[in-house]
Amino acid sequence: MSDNEFLGGGLFDEPEDFLPPPPPAHFANYERSYVSDSSASQKKDIKLRLVGTSPLWGHLLWNAGIYTAKHLDKYPELVKDKNVLELGAASALPSLVSSLIGAKKVVSTDYPDADLLANIQYNIDHEIFNGKELSTDSKEKELELKNRNLIVEGYIWGNDYTSLTNHLDGDDKFDLMILSDLVFNHTEHHKLLKTTKDLLAKEGKALVVFSPHRPWLLDADLGFFETAKEYDLVPQKIEVVNWKPMFEEDDETIEIRSRVYAFYLTHK
């Protein structure tokens with residue numbers, strides 16, 4: 001009788017409900033194309049840690065995020081000395097660039113998933129604050145967050161705003177809101193737009209950038225900007241550029257999938 005037979009099966013057989021460990025985190029390098037003289041930091045290279053996998057797609061560095069980062073560096077007046085809110089930040093590249101440009105305060109948010117938020121915090125600690133992690137002491141941590149111009153919060157669109165506005169010094173609005181590759185989530189358009197309307201300063205701008213990863217749903221993606229009008233938000237197309245698409249799929253849709261759309265939203 002073999003040892004395996006004696007033990008009633010393969011000693012190292014995986015049980016039926018076994019789940020393999022998630023893939024490890026990986027890194028992506030981003031080089032800033034524009035670094036203005038007004039930037040608070042001349043740091044050109046940003047090393048982003050991305051989660052190994054995520055049902056919320058936080059494991060990829062999206063074209064829309066890269067475009068947004070380049071746009072902010074090209075037009076630093078959008079950010080310099082301003083309050084900035086990023087929704088659905090993922091790796092938080094635009095938030096990091098906003099901090100480096102010299103924003104007054106950046107609140108970088110994503111769905112309150114522990115792995116996603118911890119990853120954003122890692123990028124903040126290592127790329128902005130030279131590897132200094134936040135204190136585990138609650139009082140010291142509170143003081144450190146107050147002194148930092150970039151913090152991370154878990155946030156679900158449309159929920160109470162207190163956790164976001166509490167970080168602003170005497171303000172309750174944001175001069176710039178960043179919505180990068182979010183409009184694909186069609187069921188959440190109204191929550192996104194209500195949040196934008198309520199939190200955007202009177203003279204502020206929301207920068208909305210996306211690529212049509214599902215070309216057959218492009219009309220629904222663009223419907224976001226028609227719905228915005230119901231919230232007295234005025235869409236202004238900045239441009240449409242063509243970059244290498246994120247995914248290798250059929251050639252028939254490659255031109256549509258290569259597009260990166262950029263819009264501003266402002267109050268009516």
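Helices (H or I, at least four residues) and strands (E, at least two) are taken here as DSSP runs, numbered from the N terminus. The structure is a predicted model, in which local features need pLDDT of at least 70 and side-chain atom pairs count only at pLDDT 80 or more, while totals for chains, interfaces and linings use all residues. Residues are numbered from 1 along each chain as its sequence is written, and side-chain values use heavy atoms, with hydrogens and water left out.

Rings of Phe, Tyr and Trp (its six-membered ring) pair if their centres lie within 6.5 Å, and planes under 30 degrees apart count as stacked, over 60 as edge-to-face and the rest as tilted. By this rule there are 6 aromatic pairs. In one of them, the ring centres of Tyr-67 and Trp-243 are 6.0 Å apart with planes at 50°, so the pair is tilted. This pair joins distant parts of the chain, 176 residues apart: Tyr-67 belongs to helix α2 (residues 63–74), and Trp-243 to the loop between β8 (233–242) and α9 (254–257). The centres of the Phe-224 and Phe-225 rings are 5.3 Å apart and their planes stand at 85°, so this pair is edge-to-face. Both phenylalanines also belong to one aromatic cluster, formed by Phe-210, Phe-224, Phe-225, Tyr-261 and Phe-263.

Charges meet rings as well (NZ of Lys or CZ of Arg within 6 Å of the ring centre and within 35 degrees of the ring normal). Lys-47 sits over the face of Phe-27, 4.8 Å from the ring centre, and Arg-49 over that of Tyr-122, at 3.9 Å.
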